[in-house]
Amino acid sequence: MSYHAHQGDQAIIALKQLAREESWKKALKHKSGVVVYMLQQPKADRFDTKAPIFKGETVIHGFTPQSVFYVIGMRKLWDENFEEGRLIENLNETSSITYESYRPSSSSKAYDVALVEKIECSADGVIAFACTSIETPKIPKVPGRSRRQLKLQGWILKPLQTSPPSTKVTFITQESVKGWIPGLTKKSLARRPLVIAEIQAYLQHKSDRFRERSQSTVSLTPSSATRRPSILSNSQPSTSTTPLRRPGILANPPPRGSSLPSRQQQRQTQKQNQHHSQSSSLRRIHFADEDEEIPHETTKSSTETLAHIDSHRLYQPSRHKTARKQCLETVKRLAASDLDEWKETGEKNQCKIYSKSVQGSPLPILRGDSVITGPWTPEQVCSVIQCFGARKIWDEYLETGHVVERFSQKEYLVYTQMRSIFPIHSRDFCLLTTLDSDPATGVICVATTSVSDALMPEQKEHVRGRIYAYGWVLAPIHNNQGKLSGVKATFISHMDLEGATPLPPAIIRLLTTEVPMCVDRVQWYLRQHGCPPYIRRVAGKIVQEDFDSKHKTYRIAYIAKHRPSTSKHPSKTWCTDVRTHPGMYASGFKVQASPPDKVRVELRADDMGIRIYTLSDQAEGQTVEIEITATEATTSGKPRYVCNGVSLKDDDEEDENEREEEDEEKEEEELLTDAASEHDGRVPKVTGVPPVKEQNKKTASILRPSPLWIPKEEREESLFTAGETDWFRSPTSASVVSGQV
């Protein structure tokens with residue numbers, strides 16, 4: 001027994017040594033991306049190279065090493081030639097003896113193997129699993145089956161620092177081939193590592209299938225397919241041919257340094273699995289092949305969702321909480337990482353760009369660092385980043401983008417389309433964007449990652465790309481006097497454009513140098529245009545938001561919530577806060593608010609935005625629409641602020657009166673000038689009355705008050721009496737609670 005345990009130890013040692021070898025020669029590359037290598041002349045002579053040694057490698061995206069290893073053990077699900085497997089004996093906490101049998105195929109007869117297996121799980125999450133053939137009387141030969149000899153077979157599953165998680169998979173095999181034809185042997189053995197492609201295809205198929213069937217999390221434990229017995233079994237050894245059922249490795253992740261729990265741990269685990277069979281489904285994935293009905297909630301469209309809004313809960317629960325958490329952590333970690341870990345690739349306009357290569361990824365992780373100088377706040381920089389109308393100007397690769405669904409004011413589902421770059425086709429992305437802010441430091445983090453969602457199925461006209469992590473970390477910079485002097489901006493991007501054909505090296509070089517430079521382009525936009533309007537806080541739920549940068553037109557629509565849900569916001573200060581910037585609206589702006597009888601719009605004290613208040617409970621659930629456009633420059637040079645035709649500032653009323661008088665005088669002069677021009681082509685002096693009676697009639701008819709015209713005194717009186725009595729009553733703006741971005 002101790003000898004077989006020693007064989008298992010030697011197998012895991014050999015596996016790790018072979019993985020570190022450099023004498024590998026590429027043998028073939030599969031369409032799935034799996035690359036197969038053959039060992040040539042190892043540096044050390046400790047390996048028996050009489051039998052060829054092959055290695056397969058690839059990166060499986062979207063799955064952790066635990067998930068991949070679980071499917072490896074469920075061989076009956078993806079290997080049609082696999083017949084049965086059973087655990088014979090547990091040797092120690094990390095080693096066991098197992099038996100496997102395989103059906104005959106077109107290229108081989110029925111065969112079986114007697115193996116000793118060993119597993120190791122390191123502290124950094126790497127799983128190593130190796131096995132080798134043994135001779136033991138506990139596994140006698142079976143008539144009609146040839147006993148195959150595996151010198152070594154093993155897996156190394158290494159987690160990659162990506163979001164969603166990815167795993168680098170390495171498979172190594174060496175098999176004795178007595179009596180085989182050498183040429184046929186190499187071709188056949190060279191394809192053994194393509195088992196990785198079968199596992200990858202199975203994972204992808206199941207992922208697509210359950211994404212289509214349900215947006216809710218489903219159970220991991222298979223109900224009909226069984227896991228091949230091995231050292232991961234929590235069952236007692238058995239010599240029967242009945243397949244053994246075991247708890248999944250994802251439900252009970254392997255401990256660091258030992259994969260086989262003690263007897264006491266086994267009993268506790270089994271009790272926990274029975275007691276938490278329902279609650280554990282929240283963190284389990286179902287890999288079974290049966291077509292049983294899985295209860296789930298049908299995903300509704302945004303229109304249907306808005307039609308059934310709960311008065312106490314405007315937003316639907318997030319469907320991508322795990323992706324949100326992982327993406328935020330990844331962006332923050334990469335932005336805070338030491339620059340010694342990055343390779344500096346260039347600098348332009350004081351914007352430094354870096355890259356970090358990732359095993360198995362065609363594009364490296366990209367980073368851009370710069371300081372956006374000027375009295376800009378992280379909020380204002382964030383508005384340029386998040387506004388699609390502005391981004392179409394500073395991001396030359398963006399074709400279009402819009403918000404599909406909002407889960408909160410700081411989390412939403414986004415669709416974007418990337419322009420085609422010759423010779424590659426256009427890409428589109430289904431993304432989840434999250435905003436996170438720290439009130440103590442003023443730092444804002446914007447994180448985006450790809451997700452799968454039924455609201456955005458893949459389209460034939462575009463290749464669906466994948467973004468592992470895309471984000472910004474914006475930190476305020478203060479001078480010695482404590483005044484804001486700029487924003488330190490760090491940009492992170494790690495994406496895969498997918499597609500059947502590899503990216504040309506020229507495209508990779510282009511993206512590596514151009515994408516991180518978006519930090520500099522954001523600063524250019526701020527200097528040229530200022531920051532676009534943005535919602536700092538909404539008293540309700542936003543259903544539409546768009547900005548036309550060319551015409552400086554900003555539109556929002558939101559479902560109003562008249563009273564706050566909690567006492568955190570006093571009712572008198574409960575409002576929607578929209579911020580603007582004089583760089584965008586130097587001459588002021590005019591607001592069109594609807595419905596006018598249910599909302600009141602007030603200008604902020606610093607003229608950099610408006611606050612929208614609902615007037616009564618009748619506004620609850622109503623859609624409020626706001627449009628902000630730029631006003632034309634006045635002769636006085638003072639900015640004008642108007643809402644629904646009414647000035648938002650007292651001094652604007654005086655300016656309006658002066659403009660009306662100027663317009664009337666100008667109109668009279670134009671009329672008299674026209675009249676003089678019609679009289680024999682001569683221009684008489686403006687003083688005096690025109691001598692022609694016809695001209696007198698024309699002038700009188702034009703200057704006569706129109707039936708629609710109301711005297712100024714009556715107009716002022718109607719403003720106070722037409723609406724509610726507190727139309728002009730202002731709440732104490734100093735007590736308005738500022739919400740987060």
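Let's start in a loop: Lys552 sits between S22 and S23. Those labels are DSSP runs numbered from the N terminus, with helices being H or I over at least four residues and strands being E over at least two. The phi of Lys552 is near 60°, a positive value in a residue other than glycine. Is Lys552 buried, exposed or partly exposed? At 29% relative accessibility, Lys552 counts as partly exposed. The classes are buried under 20% relative accessible area, exposed over 50%, and partly exposed in between, with a 1.4 Å probe and protein chains only.

A word on the source. This is a predicted model, where local features need pLDDT of at least 70 and side-chain atom pairs count only at pLDDT 80 or more, while totals for chains, interfaces and linings use all residues. Residues are numbered from 1 along each chain as its sequence is written, and side-chain values use heavy atoms, with hydrogens and water left out.

S22 and S23, the latter at residues 553–560, pair antiparallel over eight bridges. Pairing here requires at least two DSSP bridges between two strands. Ile542 has Tyr558 in S23 as its bridge partner. Both strands belong to an open sheet of six, in the order S22-S23-S28-S25-S29-S30, with mixed pairing. Its edge strands are S22 (540–548) and S30 (646–647), each pairing on one side only.

One loop leaves S25 of that sheet. Pro595 lies in the loop between S25 (588–594) and S26. The peptide bond joining Ser594 and Pro595 is cis, with omega about 0°.

S26 takes us to another sheet. This one is open and has four strands, ordered S21-S24-S27-S26, with antiparallel pairing. S21 (534–537) and S26 (599–603) are the edge strands, and each pairs on one side only. Neighbouring strands are turned by 25° against each other on average, direction ignored. Axes are lines fitted to C-alpha atoms, for helices over the stretch in contact, and angles run from 0 to 180 degrees between N-to-C directions. Inside the sheet, four bridges join S24 (residues 576–579) to S27 (residues 609–614), running antiparallel. Val578 stands opposite Ile610 of S27. As a reminder, side chains in a regular strand alternate between the two faces of the sheet.

Next, the hairpin. S19 (residues 466–478) has strand partners S17 and S20. With S17 (residues 443–450), S19 forms five antiparallel bridges. Cys445 has Val473 in S19 as its bridge partner. With S20 (residues 484–496), S19 forms 12 bridges, again antiparallel. His478 stands opposite Leu484 in S20. How many residues lie between S19 and S20 in the hairpin? Five do, and Gly482 in the turn has a positive phi of about 85°.

Another positive phi belongs to Asn349, near 50°, in a residue other than glycine. Asn349 is in the loop between S11 (343–348) and S12 (351–356). With a relative accessible area of 49%, Asn349 is partly exposed.

On to cysteines. Cys351 is buried, at 0% relative accessibility. Cys575 is buried too, with a relative accessible area of 0%.

H1 covers residues 2–20, and its 19 residues should span 27 Å at 1.5 Å a residue; the end C-alpha atoms are 28 Å apart, which agrees. The expected span is 1.5 Å times one less than the number of residues. Buried residues of H1 include His4, Ala11, Ile12, Leu15 and Leu18. H9 (residues 378–386) is mostly covered, with eight of its nine residues buried. Among them are Glu379, Gln380, Cys382 and Ile385.

Last, the totals. The protein chain has 15 helices and 30 strands. Of its 741 residues, 49% are buried. Among contacts with a separation of 6 or more, 65% come from residues 24 or more positions apart. A contact means heavy atoms within 4.5 Å. The chain exposes about 38200 Å², and carbon and sulfur atoms supply 50% of that. Those areas come from the Shrake-Rupley method with a 1.4 Å probe; for residues, only the protein chains shown count as cover.
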